[in-house]
Amino acid sequence: MIAGVPKALVLCGLLAVTSVTGCGATPSPASGPASSPSQIVELSDAEITARFRKIWFRDATEHGIMINNYLGILTWQNPFDVWITQEIMFEVKPDVVVEAGTFKGGSAALWATFLAQINPRGRVITIDIQDKRTEIAKNLPIVKQMVTFLLGSSTAPEVVEQVREALEGKRALFILDSLHTREHVLSELRAYGDMVPVGSYIIVQDTLGTGAGVAVQDCLKETDAFEIDRRGSA
Ligand SMILES: C[S@@+](CC[C@H](N)C(=O)[O-])C[C@H]1O[C@@H](n2cnc3c(N)ncnc32)[C@H](O)[C@@H]1O
């Protein structure tokens, strides 16, 4: 798919589930009356997908936040995004996965679990302005073995420099899941863009209806080093 294309790729995350935590926009409820059995309405695939997204988002929101746990750790990931992320990880075979936005540590543990099967010598670097990791997350064998936690803003020069040093001679894959404002995500894209090797990705999460989506578009206006991979999008 990308052989011969001298570009790295940006993937837009599929659903803006975690933005209700204070990181982003307020979701809008799903609309439209329920059809009675006698009123069967033909919907196109695109309409069904759009409705599904709204319902998913509404339900996730009404339950406080998306209630997903990975190995007992509250993890703010849409399982569909996780599936696509592991496909990308398998394709890219990174040495290092860099995640901005650790939260409880569940997603870092998840990326490490995948990476262990793809590149057992790989590492996950995960960054957060606060250490909210649970004891379970800190003490999982896979985490002790493969995950490095960096405390600080993902755009702080000293953090960016630490990441750059850790990536020396290594193949990197980025997952941006910290603050989903346009300004912050654009700063992350600018800070880390040149650390992404050709054919690898910066996966930008929660792009649906948040500043993160705008940041991706603005980034693409600034550079032609990236293109969007829309796999999984309707
Ligand atoms: C959406 S949550 C991350 C969810 C996590 N990846 C998961 O799947 O469970 C966003 C996290 O980003 C952190 N954050 C906010 N601003 C940040 C910044 N400037 N740099 C790094 N992390 C930040 C928040 O503290 C929060 O824990």
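Biologist: What makes strand E4 (residues 96-100) largely enclosed by the rest of the structure?

Modeller: Five of its five residues are buried, so E4 counts as largely enclosed. Buried means 20 or more other C-beta atoms within 10 Å of the residue's own; exposed means 12 or fewer, partly exposed is in between, and C-beta atoms are placed from the backbone. Strands (E, at least two residues) and helices (H or I, at least four) are DSSP runs, numbered from the N terminus. This is a predicted model: local features need pLDDT of at least 70, side-chain atom pairs count only at pLDDT 80 or more, and totals for chains, interfaces and linings use all residues. Residues are numbered from 1 along each chain as its sequence is written.

Biologist: Which residues of E4 point which way?

Modeller: Val96, Val98 and Ala100 point one way, Val97 and Glu99 the other way. In a regular strand the side chains alternate between the two faces of the sheet.

Biologist: How do you know that E4 and E5 pair?

Modeller: Pairing takes at least two bridges found by DSSP between two strands. Five bridges join E4 to E5, and the strands run parallel. The bridge partner of Ala100 in E5 is Ile127.

Biologist: Why is Arg171 called partly exposed?

Modeller: Arg171 has 16 C-beta neighbours inside 10 Å, so it counts as partly exposed. Its place is in the loop between helix H6 (157-166) and strand E7 (172-176).

Biologist: Which residues is Arg171 in contact with, leaving aside its neighbours within four places in sequence?

Modeller: Contact means C-beta atoms, placed from the backbone, within 7 Å. Arg171 is in contact with Pro94, Asp95, Pro197 and Ser200. The C-alpha atoms of Arg171 and Pro197 are separated by 6.6 Å, though 26 residues apart along the chain.

Methods: Contact = placed C-beta atoms within 7 Å.
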